[in-house]
Amino acid sequence: MVDIKNLVVIGVGQMGMGAAQVALMAGFNVTLVDIKDEYVDKAYAGIDAGMKKLEAKGAFQGKTAADFMANCKKSTDIASAMKDADLMIEAVVEDMDVKKKVFKTCDDNAPAHCILASNTSTMSITEIGSVTNRQDKVIGMHFFNPVILMRCVEVIYGEKSSDESVNAGMEFAGKLPCLKGERYIAKVLKDGPGFIVNRITAPVQIYQNYVFDKAEAEGKTWEQLDNDSPGGAMPTCVLADFVGIDTLFHGQNYYAKTLSPDFAPGKVVTKMFNEGILGAKTGKGFYDWSKGRPKPDRKAGKARLYKLKYPLAIMLNEGCRVLEEGIATSWKVCDDALMAGMNMPGPMKPNLNNSEKQVEVLNELVELTGKKYFEPCELLKSGKWVEME
Ligand SMILES: NC(=O)c1ccc[n+]([C@@H]2O[C@H](COP(=O)([O-])OP(=O)(O)OC[C@H]3O[C@@H](n4cnc5c(N)ncnc54)[C@H](O)[C@@H]3O)[C@@H](O)[C@H]2O)c1
């Protein structure tokens with residue numbers, strides 16, 4: 001198996017920075033690459049500040065932030081950065097053409113043994129790797145945000161990835177520290193849109209789009225809609241703003257192309273996207289974020305549109321599809337990955353004795369929304385998924 005010492009991270013925004021920091025903390029040599037010096041400098045400064053904070057908290061026994069940062073290099077030139085790379089993690093924008101260009105340049109310039117990994121949230125590892133002459137060495141390595149706090153890393157097989165490359169990726173990811181406990185490495189056996197965690201939660205967005213559009217048509221306010229959510233969890237509209245309307249819009253279009261047209265963004269989300277009302281990042285989305293995270297006023301009352309029983313049934317159905325398609329072979333992996341990647345209890349275990357009831361809920365939802373994607377899959381209907389522990 002390839003001995004990984006030198007890591008190159010390409011695209012050091014939110015995710016690349018996180019991956020680079022934990023790799024430095026694990027003792028790897030890391031080169032940060034982005035398109036402009038100012039982006040690389042910003043990432044370097046961010047990682048350095050994060051390391052100093054941890055040092056002040058006594059997190060590094062016998063070592064200093066400066067010790068780790070001594071192994072960190074900066075570059076804006078992929079070709080030269082890749083010359084002695086053992087592993088590359090790509091975390092550039094979620095755009096297939098940009099990712100392919102990065103992979104091609106890496107392939108042309110990296111040593112033959114170097115593994116090329118993508119942190120894409122949704123896209124095909126096989127397609128990204130298709131531009132290289134080392135498709136056996138292209139894998140997915142999907143981190144969750146923030147990398148230092150979320151335990152899950154999905155390591156993904158493209159159609160041509162070798163076991164050796166995937167195992168090397170898993171071994172590497174397992175060495176990366178996490179402040180919230182042991183890393184959970186989910187082996188994703190097949191390349192499918194959204195892999196495991198994002199795939200299971202993705203179709204809830206179809207329901208959310210339905211609810212957003214219905215609330216608007218019925219003249220309900222977003223505050224009322226959010227009051228339909230139970231306390232504790234981030235309510236639907238606040239969460240959509242937090243994730244970013246553009247991220248939702250692009251993701252939904254990708255799933256619409258690859259899974260079902262039912263994923264196409266709804267009227268509300270499309271209008272917001274077209275008007276540049278993108279949520280927290282632009283200060284305005286469903287809510288005004290100029291004074292920080294909004295808190296829906298309970299006194300506004302409820303819209304009585306969003307029903308929690310539907311997302312639960314939707315996620316169970318999708319978990320069964322993940323098993324049916326061979327993306328994972330155990331329902332426990334679905335639950336554990338969801339908890340480690342999103343701090344969200346998985347839909348599988350609580351439904352071990354509930355398949356029949358959830359099939360009814362899903363049929364009711366198809367009737368309500370007209371969305372065929374919610375039809376219960378064969379594995380759920382048969383109840384046989386329960387045996388796939
Ligand atoms: N944000 C999340 O919660 C999250 C979680 C998991 C995975 N991801 C995935 O990680 C990737 C990055 O997401 P992000 O949120 O960190 O985005 P980001 O916008 O914060 O960072 C992307 C970085 O890539 C750089 N970049 C763009 N084109 C480049 C190129 N050709 N060469 C080098 N650098 C380039 C940009 O300058 C930017 O610094 C995406 O594929 C995204 O889907 C995001």
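**Ground rules.** I number residues from 1 along each chain as its sequence is written. For this prediction, local features need pLDDT of at least 70, side-chain atom pairs count only at pLDDT 80 or more, and totals for chains, interfaces and linings use all residues.

**The sheet.** I looked up the strand order first. 8 strands form an open sheet, ordered β3-β2-β1-β4-β5-β6-β7-β8, with mixed pairing. Strands and helices here are DSSP runs numbered from the N terminus (strands E, at least two residues; helices H or I, at least four). Strands pair if DSSP finds at least two bridges between them. I find β3 (72-75) and β8 at the edges, each pairing on one side only. The twist averages 25° from one strand to the next.

Strand β4 (residues 87-90) runs parallel to strand β5 (residues 115-118), joined by 4 bridges. Glu90 stands opposite Ser118 in β5. With helix α5 (residues 96-109) between them, β4 and β5 make a right-handed β-α-β unit. Right-handed is judged with the strands pointing away from the viewer: the path from the first strand over the helix to the second runs clockwise. On its other pairing, β5 runs parallel to strand β6 (residues 138-143) over 3 bridges. There, Leu116 stands opposite Val138.

I then checked the side chains of β5. Ile115 and Ala117 point one way, Leu116 and Ser118 the other, and all are buried. Buried takes 20 or more other C-beta atoms within 10 Å of the residue's own, with C-beta atoms placed from the backbone.

**β7 and β8.** Strand β7 (residues 152-157) pairs with β8 in the parallel sense over 5 bridges. Glu154 has Ala186 of β8 as its bridge partner. From β7 the chain passes through helix α7 (residues 163-174) to β8, a right-handed β-α-β crossover. Of the 5 residues of β8 (residues 184-188), 4 are buried, so the strand is largely enclosed by the rest of the structure.

**α14 against α16.** Helix α14 (residues 309-324) packs on helix α16 (residues 355-369) at about 110°, axes 9 Å apart. Axes are lines fitted to C-alpha atoms, for helices over the stretch in contact, and angles run from 0 to 180 degrees between N-to-C directions. That makes the two helices roughly perpendicular (65 to 115 degrees). From α14 I list Lys309, Tyr310, Ala313, Leu316 and Asn317; from α16, Gln358, Val361, Leu362 and Leu365. Contact requires C-beta atoms, placed from the backbone, within 7 Å.

Conventions. Buried ≥ 20, exposed ≤ 12 C-beta atoms within 10 Å, placed from the backbone. Parallel < 35°, antiparallel > 145°, perpendicular 65-115°, else oblique. Contact = placed C-beta atoms within 7 Å.
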